[in-house]
Each structure stands twice: as C-alpha cells, then as structure tokens.
Amino acid sequence: MKRSEINAIIRDADAFIRRQGFHLPPFAYWTPEEWRQKGDEVEEIVARGLGWDITDFGQGDYARIGLFLFTLRNGDVANLRAGRGKLYAEKLLIVDVDQVTPLHFHWLKTEDIINRGGGKLVIQLYNATPDEGLADSDVTVSTDGVRRTVKAGDTIVLSPGESITLPPYCYHKFWGAESRVLVGEVSTVNDDATDNRFYEPVGRFPAIEEDEPPLYLLVNDYARYYRAGTSI
C-alpha cells in the first residue's frame, strides 16, 4: 500500500468515527515527530500494539479485501497465563460494503464482534476440523446472549446494536452490507503475531511504499520512530 493511501484512509476513518459519536484517545493523534521524543512512559502502547492498524492482507486491493482497525487497549499473553492483570482487549473496526476480511480463526482469543452503527455486518461461519480445515458441522454461537445454530458456511447478519461471540477455532469471514459499518471488538488478549489462523495464506501487515510522510504512525511503524527514552 502507498503511504498516501493509508493517510487518506486514516483521515476518512477518523471523520466517520467522529460522526458516529465515538472519540479516539489522545495518542491517536501524535505525529511522527512527537513519537521520536517519547520515552518509557509510552512503552505499553508499543508493546501491546495499540493504535492505527490498516491492512490489505497483502492482496493489493484494500477496497475489496482489507480492514481498518484501531486497538484501544490490550493485555499480554502472560496475563492470561497468570490469570490476573489486563486479560482483555478492545478494538474499533471499520468495514465497508463488500469489503472482505478473509476467513480465519484464533487459537486462543474469544471475541465479541459488535455492530456499533452504520450498515449491517455479515459474518460467515464454519467450525474448524482437528487439522484446521472447514468442518461441515453446524455452528453454534451466542448473539447478545441468545444461542443460535447455523449450518456450515451460512451467515449471520448483525444490525446496529447487535453482537456475536466467536470462540476459538470458529472460522469467520465478514463484510459490510447496505453502508459502511462501525464495529467494536471486545476480547481476551489480542496477539496478532501468533494467534491468527487464516484459511488461505495472506499477509497480516501491508508492505508500504513511502510516497509521502506518515500522517500518524501505524502499529507496524513504531519500531522505526520510537526508542524508549531516546530520540532517533
């Protein structure tokens, strides 16, 4: 992806989020120059992958296969092992009409996907087989506390205010319908490095062509701009 495309997506997403009555935390708007001056006090943001996250899944066609995310809070896998501390994560997503997030599951993470406003969110579901293929068995999930069962490959449509709980080993693929959707994700600790199992191989973070300076840093930019306690 070109940096100019990423900057345009951020500007557009920020305006949409504000129109929906949601506000991002202050660190969302730190410039690259400000990041260069940050010290140890912001290590949690970097270590937990908080912030802007835009991906085309390595497909080169963000409008068709892509996702906007902003991670608001996140714990550490060590917290899960200890059974205390920050055991949860929260993200904000924007899903455009017919913009697909490819089929995947998580080995560890349980997540609630919530339609926070806009259009409808369509989610396709499969159980995983023991060898991580697609099972032909019915899929049972909870939608706002109500148990629902659908056939393998069927979809559940979430209108604004509705949510679904997705357990580990539940394959899911989603896209927007009717109009752009603001989506919330509340989950156990999020680990994008090791806890995403895509059914077909894709890239999680995009290769970036630096045709202009970053407006704000993506989570995968931090290593280039931030060193704890120093200027770089």
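These are my notebook entries on the chain shown above, a predicted model.

**Conventions**

I number residues from 1 along each chain as its sequence is written, and I work with heavy atoms for side-chain values, leaving out hydrogens and water.

**Entry 1: the chain as a whole**

I looked up the secondary structure and found 5 helices and 11 strands. Helices (H or I, at least four residues) and strands (E, at least two) are DSSP runs, numbered from the N terminus. The C-alpha atoms fill a box of roughly 55 × 40 × 35 Å along the principal axes.

I recorded burial next: 48% of the 232 residues count as buried. Buried means under 20% relative accessible area, exposed over 50%, and partly exposed in between (1.4 Å probe, protein chains only). For contacts (heavy atoms within 4.5 Å), I considered pairs at least 6 apart in sequence; 75% of these join residues at least 24 apart.

**Entry 2: nonpolar cores**

I took a nonpolar core as a set of buried Ala, Val, Leu, Ile, Met, Phe, Trp, Tyr and Cys residues joined through side-chain atoms within 4.5 Å. The largest has 31 residues, and Leu24, Trp35, Ile45, Trp52, Ile54, Phe68 and Phe70 have the most contacts inside it. At least two residues of this core come from each of α1 (3-19), β1 (51-55), β2 (67-74), β3 (88-95) and α5 (222-225). The greatest share is that of α1, with 6 residues. Apart from this core lies another of 22 residues, among them Leu69, Ile123, Ile156 and Leu158.

I listed the contacts of Ile45 beyond four places in sequence: Phe27, Trp30, Trp35, Leu50 and Tyr222.

Leu72 lies in strand β2 and is buried, at 10% relative accessible area. Beyond four places in sequence, I find Leu72 in contact with Phe22, Leu24, Pro25, Leu50, Glu90, Lys91 and Leu92. Pro25 is 47 residues from Leu72 along the chain, yet their C-alpha atoms are separated by 7.7 Å.

Asn79 is in helix α4 (residues 77-82). Is Asn79 buried or exposed? I count Asn79 as buried because its relative accessibility is 16%. With residues up to four places away set aside, Asn79 touches Arg48, Arg84, Gly85, Lys86 and Leu87.

**Entry 3: positive phi**

Most residues other than glycine have a negative phi. I noted two residues that depart from this pattern.

- Phe57, in the loop between β1 and β2, has phi near 55° and is buried at 2% relative accessible area.
- Glu132, in the loop between β5 (111-127) and β6 (139-143), has phi of about 70° and is partly exposed at 22%.

**Entry 4: pockets and cavity**

I searched a 1 Å grid over the protein atoms alone: a cavity is a set of points where a 1.4 Å probe fits but cannot get out, and a pocket is an open set with protein on both sides within 12 Å along at least five of seven lines; lining residues have an atom within 4 Å of a point. Points are joined across faces, edges and corners, and a volume is the space filled by probe spheres set on them.

The largest pocket has a volume of about 390 Å³. Of its 20 lining residues, Val46, Ala47, Arg48, Gly49 and Asp192 are the closest to its centre. The elements α3 (43-47), β2 and α5 each give two or more lining residues.

The second largest pocket holds about 210 Å³; its lining includes Gln59, Lys173, Tyr199 and Glu200.

I found 1 cavity of 30 Å³ or more, and the largest cavity holds about 170 Å³. Leu67, Leu69, His104, His106 and Glu185 lie nearest its centre among 20 lining residues. The most lining residues come from β10, which gives 3.

Notes. This is a predicted model: local features need pLDDT of at least 70, side-chain atom pairs count only at pLDDT 80 or more; totals for chains, interfaces and linings use all residues.
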